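Work through the exercises below with the structure open beside you. Try each task before reading its solution.

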Amino acid sequence: MGTADDNSGAEAGSHIDRRRSKARKRPSETYLRRRAELEFAATTVMRRKGFHDMTLRDVAEELGTDRASIYYYVAGKEELLADLVHRALVESDEDLTKVSASEQSAADKLRAGIRVLMKHYDRHFPYLYIWVHEDLSRFEGVKQSDLEPIIDLSQRQFEFIEGFVQEAVASGEFTTTLPVGVVAQSIIGLVAWTFRWYEPGRTLSAQDLADGLADIALSGLVTRPAP
């Protein structure tokens with residue numbers, strides 16, 4: 001049976017949950033501005049400490065506030081990461097949809113798709129990389145209803161790249177002995193593996209890197225005239 005202190009803590013938690021939910025559904029300009037500042041602070045800490053070592057206290061200190069005020073915006077760091085990743089994948093999905101609907105050749109669509117992927121890894125650094133390389137079982141603080149749209153968007157990303165490869169194989173632009181899905185996964189992996197060394201603003205731009213990776217991928221796929 002809970003004590004009076006237990007009940008008081010539960011009530012306080014329930015109260016902040018209700019306030020957070022209400023603010024998210026009808027955000028004011030002040031809320032949106034402060035939320036953007038929070039996300040920037042969290043991104044800064046992630047780049048410095050990594051996601052697993054980051055705490056909400058770290059984010060609060062970076063933001064110049066107390067940890068309790070952070071809970072008005074997010075229930076935990078996993079929820080914050082999920083929010084950031086969802087927005088990044090929505091943007092990527094919109095860009096890939098435009099590429100898919102374009103009149104360019106399938107090979108050019110694939111190059112454009114690689115540019116889209118790299119552009120968003122750059123724009124949403126480092127949390128999009130963190131998402132791609134994390135074990136989903138670790139996101140215990142995220143509701144399944146919030147994870148499912150992210151998983152669906154990740155699957156759509158694969159389906160776009162797979163579609164570009166399939167279109168190129170069907171048109172004769174590409175030749176491969178591998179299943180189309182394996183080729184698509186390999187291309188996505190080629191871009192995603194840049195997490196081991198890529199950092200925005202260092203040496204190569206995201207587009208230059210994407211074009212170089214596209215050259216590597218396409219050089220092994222483009223159909224060559226018979227001798």
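The exercises that follow concern helices and aromatic rings in a predicted model.

**Exercise 1.** Describe how helix 6 (residues 106–123) and helix 9 (residues 180–192) pack.

Solution. Start with the geometry: the angle is about 35 degrees and the axes are 10 Å apart. Next, the handedness: helix 6 passes helix 9 in a right-handed crossing. Then list the residues in contact: helix 6 contributes Leu110, Ile114, Leu117, Met118 and Tyr121, and helix 9 contributes Ile187, Ile188, Val191 and Ala192. Finally, sort them by class: nine are nonpolar, none polar and none charged.

**Exercise 2.** Classify the aromatic pair of phenylalanine 125 and tyrosine 129, then that of phenylalanine 160 and phenylalanine 164.

Solution. A ring pair is described by the distance of the centres and the angle of the planes. For phenylalanine 125 and tyrosine 129, the centres are 5.9 Å apart and the planes 85 degrees apart. An angle over 60 degrees counts as edge-to-face, so this pair is edge-to-face. Phenylalanine 125 and tyrosine 129 are buried.

For phenylalanine 160 and phenylalanine 164, the values are 6.4 Å and 35 degrees, and the pair is tilted. Both phenylalanine 160 and phenylalanine 164 lie in helix 8 (residues 144–171), four residues apart, about one turn of the helix.

Technical notes: Residues numbered from 1 in each chain as written. Predicted model: local features only at pLDDT ≥ 70, side-chain atom pairs only at ≥ 80, totals over all residues. Heavy atoms only, no water. Axes fitted to C-alpha atoms, helices over the stretch in contact; angles between N-to-C directions. Helix = DSSP H or I, 4+ residues; strand = E, 2+ residues; numbered from the N terminus. Left-handed = near helix turned anticlockwise from the far one by under 90°. Contact = heavy atoms within 4.5 Å. Nonpolar A, V, L, I, M, F, W, Y, C, P; charged D, E, K, R; others polar. Phe/Tyr/Trp six-rings, centres within 6.5 Å; stacked < 30°, edge-to-face > 60°. Buried < 20%, exposed > 50% of the residue type's maximum accessible area, 1.4 Å probe, protein only.
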